[in-house]
Amino acid sequence: MKKVLITGFEPFGGASINPALEAVKMLDGVKLDGGEIVICDVPVTRYEAIKAVTAAIEKHKPSYVITVGQAAGRASITPERVAINVDDFRIPDNGGNQPIDEPIIEDGPDAYFTTLPIKAITKALQEKGIPCQVSNTAGTFVCNHLFYGVQHFLRETDIGHGFIHIPLLPEQAAATDQASMSLETIAEGLRLAAQATLDNKHDAVIGAGKIC
């Protein structure tokens with residue numbers, strides 16, 4: 001049985017909750033058609049995040065890895081297309097690090113593309129009524145840092161990996177005008193993403209680009 005490792009970040013930026021971690025906790029041990037979900041929690045700290053996930057990969061030996069993070073302001077679940085080799089933190093991470101325009105991996109490639117079937121994932125969620133769109137930027141904070149670092153770690157393996165951003169929870173957005181999504185919907189979206197990953201050796205050929 002194949003394992004899908006799904007990871008979620010701890011709270012950061014003074015928040016008391018992170019929907020990524022809460023949703024991932026709901027998926028621990030969930031059985032899929034042809035697989036099983038295993039999880040790990042991730043510190044929002046430069047390089048420590050990468051170490052936590054690579055340690056979980058070595059422990060669980062998954063076939064696929066889905067790293068997950070919160071994206072305030074987004075209304076949809078958004079599988080990311082590409083990670084870039086730069087840390088440019090608008091705020092300090094939980095370790096107090098705030099690099100500006102520094103490479104994640106010195107002399108590493110400029111970018112890594114996801115190795116998950118992100119358009120098939122998007123189609124699977126949309127068909128179940130869950131808002132989902134392909135994203136072409138994972139930012140330059142710890143989400144992109146982890147996405148790039150794990151791709152670099154897995155570059156010579158056949159383990160598929162990609163990053164998915166999720167919206168805020170309603171309680172996080174209640175005092176703002178930002179979009180939100182229920183925890184149950186987020187968790188179901190991630191479960192569907194894991195199943196679509198198992199079901200699609202090759203990605204769907206569906207237009208999901210943006211003009212700007």
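Trainee: What makes the contact of Lys123 with Glu127 a salt bridge?

Mentor: The closest N and O atoms of the pair are 2.6 Å apart. The rule asks for a side-chain nitrogen of Lys or Arg within 4 Å of a carboxyl oxygen of Asp or Glu. The Lys123 and Glu127 pair therefore qualifies. One caution: this is a predicted model, where local features need pLDDT of at least 70 and side-chain atom pairs pLDDT 80 or more, while totals for chains, interfaces and linings use all residues. Side-chain values use heavy atoms, with hydrogens and water left out, and residues are numbered from 1 along each chain as its sequence is written.

Trainee: Where do Lys123 and Glu127 lie?

Mentor: Both are in helix 3, residues 118–127, four residues apart, about one turn of the helix. Helices (H or I, at least four residues) and strands (E, at least two) are DSSP runs numbered from the N terminus.

Trainee: Why is Glu127 called exposed?

Mentor: Its relative accessible area is 57%. Exposed means over 50%, buried under 20%, partly exposed in between (1.4 Å probe, protein chains only). Lys123, at 38%, is partly exposed.

Trainee: How many salt bridges does the rule give?

Mentor: Eight. Among them, Lys31 and Glu36 meet at 3.5 Å, N to O. Lys31 is exposed at 54%, and Glu36 is partly exposed at 22%.

Trainee: Which residues does UniProt list for "active site"?

Mentor: The unreviewed entry lists Glu80, Cys143 and His165. No two of their C-alpha atoms are more than 10.3 Å apart, although they span 86 residues in sequence, so they gather at one spot. Cys143 and His165 are in the lining of the largest pocket. UniProt positions use the numbering here, feature names are shortened, and annotations may be inferred rather than shown by experiment. Glu80 lies in the loop between strand 5 (78–79) and strand 6, buried at 0%.

Trainee: What lines the largest pocket?

Mentor: It has 16 lining residues, with Phe12, Gln70, Ala71, Arg90 and Phe141 nearest its centre. A pocket is an open set of points on a 1 Å grid over the protein atoms alone, with protein on both sides within 12 Å along at least five of seven lines; lining residues have an atom within 4 Å of a point. The space comes to about 390 Å³.

Trainee: How many residues in the lining of the second largest pocket are charged?

Mentor: None: four are nonpolar and six polar. Asp, Glu, Lys and Arg count as charged. The lining includes Gly13, Ser16, Asn18 and Gln172.

How values were computed
1 Å grid on protein atoms, 1.4 Å probe; cavity = no way out; pocket = protein on both sides within 12 Å on 5 of 7 lines; lining within 4 Å. Points joined across faces, edges and corners; volume = space filled by probe spheres on them.
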